[in-house]
Amino acid sequence: MKFGLIGAGAIGAIRASALERSKSCSLTAVHDLDEARARSLAPSATFHSTVEALIESPDVEAVLISTPPQFHEALAVAAAKAGKHALVEKPMAATPDACEQMIKAAKAAGTLLTVGYNQRYFPALKVVRDAVMSGDIGRLSHVRAYAGHGGLGEFKAPWMYDQAVMGGGALMDNGTHIVDLVRYIVGDPTEVFGQALHRVWGLDVEDEAMALLKSEDGVAASIEASWDEWKGYRFHIEAYGDRGMAKAYYAPMFATVIRMDKPGGSKSVERKFYPESIIREKFRGWQSTVIQAFVEEFDDFAAAAAGQQGSGRIAMGADGMRAVQIAHAVYDSSRTGSQVKLAPLP
């Protein structure tokens with residue numbers, strides 16, 4: 001699969017590194033407003049001075065959109081109209097309406113549209129999801145998820161916490177991953193209740209968000225996204241069933257699965273550590289773990305574009321839209337103090 005990359009910033013650079021390692025995909029074209037940066041990032045790819053030229057290029061089969069979210073809709077729609085597949089970074093867009101237009105365009109064109117929820121490919125997350133799906137921990141009861149970092153010092157540019165660009169704060173930033181992962185594990189929620197707080201950084205977007213979600217079959221999930229995690233980046237997700245639990249944690253990455261023969265019965269504990277990940281990150285940074293996840297995601301993208309199943313982990317356009325809808329439902333709930341019901345996905 002030949003990719004054209006739009007956006008040669010920090011994530012674009014990591015994507016380019018992943019494409020260098022991919023056996024199923026390659027980087028053939030690049031565009032960025034900073035020509036020197038784009039050429040330096042991908043010296044073997046063709047530089048296009050406009051996004052239109054890149055999208056129309058016969059050497060591009062799929063467009064990789066690594067721009068600020070405010071541009072995602074226009075670029076994804078243009079790619080679909082040109083008959084090109086698209087992979088869009090998270091969050092899919094700033095608003096649910098923009099996401100819906102992207103999905104409609106891809107559906108009309110018969111092209112593939114996916115969203116970059118690469119944490120689905122983290123080894124520890126695979127353990128949790130597989131434990132739930134296999135019935136290893138019994139009937140699922142509830143899920144707890146958390147993602148936090150230290151806030152504004154983590155951002156490279158002001159647009160990353162700009163309401164007009166991102167559509168929100170912590171919940172649309174680091175929180176969007178756990179929103180997606182909860183859906184990925186629990187299934188689609190039907191009810192949302194939440195609070196979005198603005199007590200730390202004095203911004204017009206939330207620096208802390210907490211939400212309760214409930215699925216149609218009664219599984220509950222709690223989500224917390226934070227920009228005041230003073231200990232540094234933390235992420236974990238825990239799934240509880242009537243015969244055990246499964247937990248993923250990062251960083252460092254590890255997983256735990258507890259299995260019981262009955263509720264409260266005798267149990268076995270399995271712990272999974274990933275020393276190769278810890279050592280790799282020590283010398284190559286956290287980016288090395290993301291690159292590995294991106295490579296797997298690209299393999300799934302190529303498979304899906306060819307009409308094949310792949311690993312089944314890739315996030316589709318509908319998944320990206322639902323994550324944005326849930327975030328905005330939390331904002332609505334916080335304003336009104338009321339629970340928000342989600343309409344079924346089309």
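Here are some notes on the pockets, the cavities and a few helices of this structure.

1. Some ground rules before we start. This is a predicted model, where local features need pLDDT of at least 70 and side-chain atom pairs count only at pLDDT 80 or more, while totals for chains, interfaces and linings use all residues. Residues are numbered from 1 along each chain as its sequence is written, and side-chain values use heavy atoms, with hydrogens and water left out.

2. The lining (residues with an atom within 4 Å of a point) has 46 residues, and nearest the centre lie Ala10, Ile11, Lys90, Met160 and Trp286.

3. What is that lining made of, by class? There are 24 nonpolar, 14 polar and 8 charged residues. Here nonpolar is Ala, Val, Leu, Ile, Met, Phe, Trp, Tyr, Cys and Pro, charged is Asp, Glu, Lys and Arg, and polar is the others, Gly among them. Helices α1 (10-21), α4 (72-81) and α10 (287-305) each supply at least two residues of this lining. Helices here are DSSP runs of H or I with at least four residues, strands are runs of E with at least two, and both are numbered from the N terminus.

4. Now look at α1 from this group. With 12 residues, α1 reaches 17 Å from its first C-alpha to its last, close to the 16 Å expected at 1.5 Å a residue (the expected span is 1.5 Å times one less than the number of residues). Gly12, Ile14, Arg15, Ala16, Ala18 and Leu19 are its buried residues, where buried means under 20% relative accessible area with a 1.4 Å probe, protein chains only.

5. Helix α4 has buried residues too: His72, Leu75, Ala76, Val77, Ala79 and Ala80. These pack against β1 (2-6), α3 (51-56), β4 (62-65), β5 (85-89) and α5, with contact meaning heavy atoms within 4.5 Å. Just past the end of α4, Gly83 has a positive phi of about 80°.

6. The second largest pocket holds about 360 Å³ of space. Its lining has 19 residues, with Glu100, Ile103, Lys104, Met321 and Pro346 nearest the centre. Two or more lining residues come from each of α5 (96-109) and α11 (317-336). Which element gives the most? That is α5, with 6 residues. By class, this lining has 12 nonpolar, 3 polar and 4 charged residues.

7. On to the cavities, sets of points where a 1.4 Å probe fits but cannot get out. The count is 3 cavities of 30 Å³ or more, and the largest cavity has a volume of about 40 Å³. Among the residues lining the largest cavity are Val182, Arg183, Asp188, Leu213 and Lys214. Helix α8 (175-186) and strand β9 (208-215) each give two or more residues to that lining.

8. Just after α6, Gly135 takes a positive phi of about 80°.

9. Last, the cysteines. How many disulfides does a search of the whole structure find? The count is 0, taking a disulfide as a pair of cysteine sulfur atoms within 2.5 Å. Cys99 is buried at a relative accessible area of 0%, and Cys25 counts as buried at 4%.

Key:
1 Å grid on protein atoms, 1.4 Å probe; cavity = no way out; pocket = protein on both sides within 12 Å on 5 of 7 lines; lining within 4 Å. Points joined across faces, edges and corners; volume = space filled by probe spheres on them. Buried < 20%, exposed > 50% of the residue type's maximum accessible area, 1.4 Å probe, protein only.
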